[in-house]
Amino acid sequence: MEIDGFRGQLITADHADYDTARAVWNGAVDRRPRLIARCSGTADVAAAVCFARDHDLEIAVRGGGHNVAGTAVCDDGIVIDLSAMRAVWVDPAGRTAQVQGGALWGDVDHETQAHGLATTGGIVGHTGVAGLTLGGGIGFLMRTHGLTVDNLLAAEVVTAEGSIVRASADEHSDLFWALRGGGGNFGVVASFRFALHPVGPTVIAGPVFWAADDTTDVLRFYRDFAADAPDELGTVVRLGTVPPLPVIPEDMHWRPAIAIACCYAGAIEDGERAVRTLRRLGKPLLDLISPTPYVAHQCALDGTVLHGWHYYWKSTNLAGLSDDAIAVIADHAYSASSPRSYSAMFHMGGAVGRVPHDATAYAGRDVAHNIIIDGVWLPDESGEHAAAETAWARRFLQALHPHRADSVYVNFLDSDDDTSRVRESYGDHIYRRLAEIKAKYDPDNAFHHNKNIRPG
Ligand SMILES: Cc1cc2nc3c(=O)[nH]c(=O)nc-3n(C[C@H](O)[C@H](O)[C@H](O)COP(=O)(O)OP(=O)(O)OC[C@H]3O[C@@H](n4cnc5c(N)ncnc54)[C@H](O)[C@@H]3O)c2cc1C
């Protein structure tokens with residue numbers, strides 16, 4: 001098979017790399033595309049889109065390949081694969097970075113931190129920039145510097161017609177609005193331009209662990225601690241077991257525990273002050289908060305969520321952390337069968353909440369906490385494990401029902417049983433506007449292997 005004007009790599013089922021090229025982060029996803037078009041640049045992306053449209057092929061678009069639902073790969077169609085497009089160019093004077101559409105957050109942090117700069121990215125280094133950005137982008141820096149989309153200055157987009165356009169506040173501003181939360185519905189983003197900020201390079205960061213039995217006390221304390229926290233302090237609560245990382249003593253590995261991971265985006269002394277009361281709470285099992293290179297902190301969790309393991313997710317934004325909500329969390333968080341399953345709560349607020357609700361397509365700016373429930377099992381574990389972890393995640397979400405806000409972060413939605421929740425991610429007003437913009441840029445819904453917005 002050939003594509004006119006395409007200079008990248010074309011991979012079909014008879015190619016030695018086919019199985020590696022069709023694999024995504026979630027090993028439970030097993031799809032067999034007819035063709036994987038591994039692009040070497042924007043022109044290849046445009047050629048691949050034109051080819052797919054001319055041949056009426058299903059299209060999936062792969063950035064980092066990290067979405068739990070596996071929408072980066074499709075059966076029988078073409079995968080427009082940007083995984084070879086990972087370059088990051090930093091302009092230190094202008095404090096911006098140009099990032100190709102297949103880059104991972106580890107790539108961005110590595111290049112930007114060489115200049116003591118950063119932008120809000122995800123909390124795992126091997127997550128893709130593209131999918132994360134297009135859904136909104138939450139991470140440790142968001143309370144100081146806003147969501148990833150709040151730092152997006154421009155994007156180079158290949159549209160469903162195969163045209164290359166630039167979207168920014170001044171050019172295709174409707175498309176630019178939709179890209180900031182509306183996902184991969186509007187075209188293939190070949191590159192992004194982000195605003196950068198001075199961060200670190202050394203920051204106060206790391207987790208504190210307490211025994212699972214202390215969960216209620218820790219979360220009640222955390223509710224007030226988080227509400228009073230300065231914007232510079234980003235925190236994520238992780239409930240499950242102590243991960244078997246090299247920095248953690250072996251006798252602690254796999255013990256049921258709650259951890260609060262911190263990152264202070266400001267002066268070291270201010271950071272030490274901001275986390276002081278947290279570190280004094282109860283009797284921590286382990287306190288790993290210390291002055292840490294930001295770039296090391298950003299990949300500290302990489303070994304806890306490996307490529308090829310099997311995953312099933314449930315998520316919701318929370319209306320608050322009432323005593324009742326905390327009781328539900330403490331009851332369910334440790335009842336998964338697999339020691340690898342866990343849940344995580346991000347503390348939102350700060351700069352996220354100061355951006356007007358309809359300034360971008362990201363909804364849920366008024367929410368203080370969300371939760372993601374991650375069932376995990378190994379590829380060689382039996383169907384029973386899959387069923388048990390899936391049931392646990394569903395049960396946990398169901399129990400949280402009375403404590404849910406009316407929204408969910410679109411990037412945390414899983415596959416089939418979450419399809420109907422895409423509208424819930426946006427709310428009616430934002431969804432309707434997205435559907436209108438979809439009708440303008442992709443009226444045939446060529447880009448539908450995603451959290452789909454139907455042309456309206
Ligand atoms: C372990 C883990 C940790 C995570 N942590 C965070 C976090 O801290 N913060 C957060 O906000 N999210 C987080 N996420 C969720 C993450 O935002 C999504 O999984 C996101 O889809 C990942 O982007 P990707 O490019 O790797 O995805 P892919 O699977 O490659 O793509 C997902 C979808 O995005 C679209 N897409 C991808 N690339 C492009 C492109 N270049 N142009 C147009 N559309 C494209 C396509 O529709 C595609 O189906 C995490 C996910 C995982 C698995």
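Is Asp-56 buried or exposed? Asp-56 is exposed, because its relative accessible area is 72%; the cut-offs are under 20% for buried, over 50% for exposed, and partly exposed in between, with a 1.4 Å probe and protein chains only.

1. Basis of the note. This is a predicted model, in which local features need pLDDT of at least 70, side-chain atom pairs count only at pLDDT 80 or more, and totals for chains, interfaces and linings use all residues. Residues are numbered from 1 along each chain as its sequence is written, and side-chain values use heavy atoms, with hydrogens and water left out.

2. Asp-56 and its backbone. Asp-56 is in the loop between helix H2 (42-54) and strand E3. Helices (H or I, at least four residues) and strands (E, at least two) are DSSP runs, numbered from the N terminus. The phi of Asp-56 is positive, near 55 degrees, and the residue is not glycine. Most residues other than glycine have a negative phi, and most peptide bonds are trans.

3. Two further backbone points. His-172 is not a glycine either, yet has a positive phi of about 45 degrees. His-172 sits in the loop between strand E9 (164-168) and helix H6 (173-179). With a relative accessible area of 35%, His-172 is partly exposed. The peptide bond from Gly-200 to Pro-201 is cis, and its omega is near 10 degrees. Pro-201 belongs to the loop between strand E11 (197-198) and strand E12 (202-211).

4. The shell around the ligand. The ligand is surrounded by 35 residues, of which Gly-63, Gly-65, Thr-71, Ile-138 and Tyr-409 are the closest. By type, the shell has 17 nonpolar residues, 17 polar residues and one charged residue. In this grouping Ala, Val, Leu, Ile, Met, Phe, Trp, Tyr, Cys and Pro are nonpolar, Asp, Glu, Lys and Arg are charged, and the others, Gly among them, are polar. Strand E3 (59-62), helix H4 (129-135) and strand E10 (188-195) each contribute at least two residues to the shell. H4 gives the largest share, four residues.

5. Tyr-409 places a polar side-chain atom 2.6 Å from an oxygen atom of the ligand. For Gly-64, a backbone N or O atom lies 2.9 Å from a ligand oxygen atom. An N or O atom in the side chain of Asn-411 is 3.1 Å from an oxygen atom of the ligand. On its own the ligand has 940 Å² of accessible area, and the protein covers 97% of that. Accessible areas come from the Shrake-Rupley method with a 1.4 Å probe, and for residues only the protein chains shown count as cover.

6. Strand E1 (residues 9-11) and strand E2 (residues 35-38) run antiparallel and are joined by three bridges. Two strands pair if DSSP finds at least two bridges between them. Opposite Gln-9 stands Arg-38 in E2. E2 is also joined to strand E4 (residues 78-81), by four bridges, and these two run parallel. Asp-81 in E4 is the bridge partner of Arg-38.

7. Strands E17 and E19. Nine of the nine residues of strand E17 (residues 310-318) are buried. Nine bridges connect E17 to strand E19 (residues 369-377), and the two run antiparallel. Tyr-312 has Gly-375 in E19 as its bridge partner. Asp-380 lies in the loop between E19 and helix H12 (383-399). Asp-380 counts as exposed because its relative accessibility is 69%.

8. Helix H7. The 14 residues of helix H7 (residues 215-228) should span 20 Å at 1.5 Å a residue, and the end C-alpha atoms are 20 Å apart, which agrees. The expected span is 1.5 Å times one less than the number of residues. Buried residues in H7 include Leu-219, Tyr-222 and Phe-225. Val-218, also in H7, counts as buried at 2% relative accessibility. Val-218 and Leu-278 are 60 residues apart in sequence, with their C-alpha atoms 9.0 Å apart in space.

9. Arg-143. This residue lies in helix H5 (residues 142-145). Arg-143 counts as buried, because its relative accessibility is 4%. A polar atom of the Arg-143 side chain lies 3.1 Å from the backbone oxygen of Ala-229.

Notes: A residue is near a molecule or strand if one of its heavy atoms lies within 4 Å of it. A polar contact is a pair of N or O atoms within 3.5 Å; within protein, one must be able to donate a hydrogen and the other to accept it, and residues adjacent in sequence count only if both atoms are side-chain atoms.
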